[in-house]
Amino acid sequence: MRAALQFLTILPVPAPHVPPGAAAVWFPLVGALIGLAAAAAWHTPLGATAAIVVAVVLTGGLHEDGLADVCDAVRAGRSRERMLEILKDSRIGAYGAIAIVLSILVRWQAMSRMEGGVWWKFVLAHAAARSSMVLLAATTQAAAPGLGDAFRASLPRYAAPLAALQTLGILIFIPREWPTLLAVAVTVPAVRLWLMRRLGGFTGDCLGFQCQIAEAAAWVVLAWR
């Protein structure tokens with residue numbers, strides 16, 4: 001749990017050195033804690049803006065960075081080798097910047113439509129998004145040596161089922177929000193299919209991309225409902 005906090009947030013949590021995938025079973029719980037912090041910020045006068053800022057600051061923009069890198073790199077007309085090369089580049093291009101702006105706008109618009117009783121909705125959106133990262137890694141091969149490969153190699157077999165169970169457990173408190181979880185679940189095979197066709201697997205940045213896509217899907221359904 002401490003390693004998961006250290007991996008997913010900027011909190012100065014002392015933790016033993018473990019492979020990245022070994023801590024993945026606790027990703028949904030860390031996501032739930034981030035969701036609680038964001039929900040507390042939502043109740044301030046700045047509302048949705050404060051909630052997004054808190055989440056981004058707590059995570060150090062980790063997932064937004066992955067979203068930007070994937071959107072910059074994975075495009076039609078490029079060779080697999082060229083896309084993997086761009087994924088290793090820390091610079092953000094126009095497509096990456098646009099993707100971040102759109103991601104923030106979608107979440108801001110959805111959060112702005114929330115009225116009351118949002119605590120568990122924030123918990124659900126953030127926990128489900130982190131759970132989807134584990135599910136993607138468990139069902140997809142790594143595209144190249146690096147963080148994604150290390151994550152996949154150290155991921156316990158029980159990580160994905162337990163991560164899914166943690167997220168499903170939230171429905172005990174908000175049982176009517178099962179369509180939100182369904183929307184998040186659909187993003188996993190969709191992203192997996194796209195990555196397999198373009199890259200032949202996933203990288204560390206792809207996990208951040210998955211998290212952002214899943215969270216956006218969750219907020220769209222929450223706002224629609």
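Here is a short chat about the predicted model shown above.

User: What secondary structure does the protein chain have?
Analyst: This is a predicted model, and its protein chain has eleven helices and zero strands.

User: How many of the residues are buried, as a percentage?
Analyst: Buried residues are 51% of the 225 in the protein chain. Among contacts with a separation of 6 or more, 76% are between residues 24 or more positions apart.

User: Switching to charges, how many salt bridges are there?
Analyst: The count is five salt bridges. One of them pairs Arg107 with Glu215, with the closest N and O atoms 3.8 Å apart. That pair links distant parts of the chain, since Arg107 sits in helix 6 and Glu215 in helix 11, 108 residues apart.

User: Are Arg107 and Glu215 buried or exposed?
Analyst: Arg107 and Glu215 are both buried.

User: Which other arginine forms a salt bridge with Glu215?
Analyst: Arg130 does, with the closest N and O atoms 3.8 Å apart. Arg130 is in helix 7, 85 residues from Glu215. Salt bridges with shared partners join Glu64, Arg107, Arg130 and Glu215 into one network.

User: And what about Arg91, which partner does it have?
Analyst: Arg91 forms a salt bridge with Asp89, with the closest N and O atoms 2.7 Å apart. Arg91 is exposed at 64% relative accessible area, while Asp89 is partly exposed at 25%.

Terms used
Residues are numbered from 1 along each chain as its sequence is written. This is a predicted model: local features need pLDDT of at least 70, side-chain atom pairs count only at pLDDT 80 or more; totals for chains, interfaces and linings use all residues. Side-chain values use heavy atoms; hydrogens and water are left out. Helices (H or I, at least four residues) and strands (E, at least two) are DSSP runs, numbered from the N terminus. Buried means under 20% relative accessible area, exposed over 50%, partly exposed in between (1.4 Å probe, protein chains only). Contact means heavy atoms within 4.5 Å. A salt bridge is a side-chain nitrogen of Lys or Arg within 4 Å of a carboxyl oxygen of Asp or Glu.
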